[in-house]
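Hello,

Here is the structure I said I would pass on. My notes on it follow below.

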Amino acid sequence: MNNYNSEMALSFAIIGLFGITAHYIFTKLRLPGFLGILFLGIAIGPHALNWIDESILIASEDLRKIALIIILLRAGMGLHRQTLKMVGAPAIRLGFIPVLFEGFMVLFVAWYFWDLGFVEAGMLGFILAAVSPAVIVPKMLSFIDRGKGSEKGIPTMILAGASLDDVVAITIFSAFAGFYGGQQVNITVQVLSIPVAVITGVTLGIVIAFILLWIFRKFETRNTKKVLIILGAAILLTTLESVQSLIPLASLLGVMVIGFIILEKEQKTAVDLSSKLNKSWIFAEIILFTLVGAEVDIFLALEAGVAGLLIITAGLLARSVGVMASLFKTGFSFKERFFCILAYSPKATVQAAIGSVPMAMGVPGGDVILTIAVLSIVVTAPLGAIATSFAGERILK
């Protein structure tokens, strides 16, 4: 038992110390710090040096979810109502159009040019189509905190759109998985489940936020304890999505809404809590990206080769067209639209979470789907993050 605990503690020590070092080195190189942590995760993960204890890998999904909740709460506390009003319509379009363009383009290419069945190609398409909130949210928050792009609310728009994007991608992926499993999947029901999931997530987020505010007003509570209470409530909300399947629920969107309502009703409290969450994010970021990196089998990614790159590229080109269509008649300059394309390209979180699902289901070509999902992380996460940082500093006013 003691040996088990010591191995787990040693793994956390390695992740913490090496993670801070990797973040520092990449920041000094003027690269996004999280990339250093991501590459560290690949290096010390089970597919390379294997320095992470198995117990941490088993709990990886839950640990990554907690880290993601921290940054999404912080994101919610950075969303101002006036800015949301300004970017509401294009944000909704960004949440639906690019993911559909990319998902169906990958489906067509993988089905027509590769030896994948229609359903299998659809599963691949909507695994690849989801953008990564873990990559996008911290960068957009950094821009928001510094006022970059605030004149037109571009980072806020991308934040809101990305949260919807994942709901759409995962819902359609689930429909294709249901087709393969022989379930009676009703297309109309699946399509309607997307707005229902959004409405349910937003509603529960609002209800939870008002309950939390009532507790904070009724009982004198230190800010550190408030953060722990909010985190607990947000974890319960995300758990509700996974333990029941009767009601569609976009729980991560609900988490952002909790932060938004607290900011709207108690601005001073939101500012204080946001500061605490920023401090928590220092360690949460290391955990999140190390464990995302640990999911990546670099040798598996190399197996996808040129064909895998072509499929990913075709999907990203279609996504770019979708982004341009979403921003039609918005008054954004060409450079600002180009920035949105770059910011909307990184993949990581969803691909690491569900990339292996088709193979676990016994889907023919499941190994191919996993290989391309891994390759999409290796290619788009670093390149997308670097391009977003570089372009954002020069384009956003």
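R319 and E102 are both buried. The two side chains form a salt bridge, with the closest N and O atoms 2.4 Å apart. This pair links distant parts of the chain, since R319 belongs to helix α13 and E102 to helix α5 (residues 81–112), 217 residues apart. Please keep in mind that the model is predicted.

In total the structure holds ten salt bridges.

Another of them joins the side chains of E295 and R64, at 3.4 Å from N to O. Here too, distant parts of the chain are linked: E295 sits in the loop between α12 (267–294) and α13 (298–326), R64 sits in helix α4 (residues 60–76), and 231 residues separate them. R64 counts as buried because its relative accessibility is 9%, under the 20% cut-off. E295, at 32% relative accessibility, counts as partly exposed.

R217 and E266 make a further salt bridge through their side chains, at 2.9 Å from N to O. R217 is in helix α9 (residues 187–218) and E266 in the loop between α11 (251–265) and α12; the pair links distant parts of the chain, 49 residues apart. R217 has a relative accessibility of 52% and so counts as exposed, whereas E266, at 26%, counts as partly exposed.

Which charged residue is buried yet has no salt bridge? One such case is E285, found in helix α12. The nearest side chain of opposite charge is that of K139, 9.3 Å away. A salt bridge needs a nitrogen to oxygen distance within 4 Å. Leaving aside neighbours within four places in sequence, E285 is in contact with H23, F34 and I37.

**Nonpolar core**

The largest nonpolar core has 131 residues, and the members that touch the most others are L73, M157, I158, I230, I258, F289 and F339. Helix α8 (residues 154–180) gives the most to this core, with 14 residues.

I158 is one of those members. Not counting residues up to four places away in sequence, I158 touches I136, M140, F339, C340, A343 and Y344.

I also looked at L94, which lies in helix α5. L94 counts as buried because its relative accessibility is 1%. Beyond residues up to four places away in sequence, L94 touches M157, G161, D165, V323, S326, L327 and Y344. L94 and L159 are 65 residues apart in sequence, with their C-alpha atoms 10.0 Å apart in space.

W51 is found in the loop between α2 (33–44) and α3 (54–58). With a relative accessible area of 41%, W51 is partly exposed.

Regards

Note on methods: Residues numbered from 1 in each chain as written. Predicted model: local features only at pLDDT ≥ 70, side-chain atom pairs only at ≥ 80, totals over all residues. Heavy atoms only, no water. Core = buried A, V, L, I, M, F, W, Y, C linked by side-chain atoms within 4.5 Å. Buried < 20%, exposed > 50% of the residue type's maximum accessible area, 1.4 Å probe, protein only. Helix = DSSP H or I, 4+ residues; strand = E, 2+ residues; numbered from the N terminus. Contact = heavy atoms within 4.5 Å. Lys, Arg positive; Asp, Glu negative; His and termini not counted.
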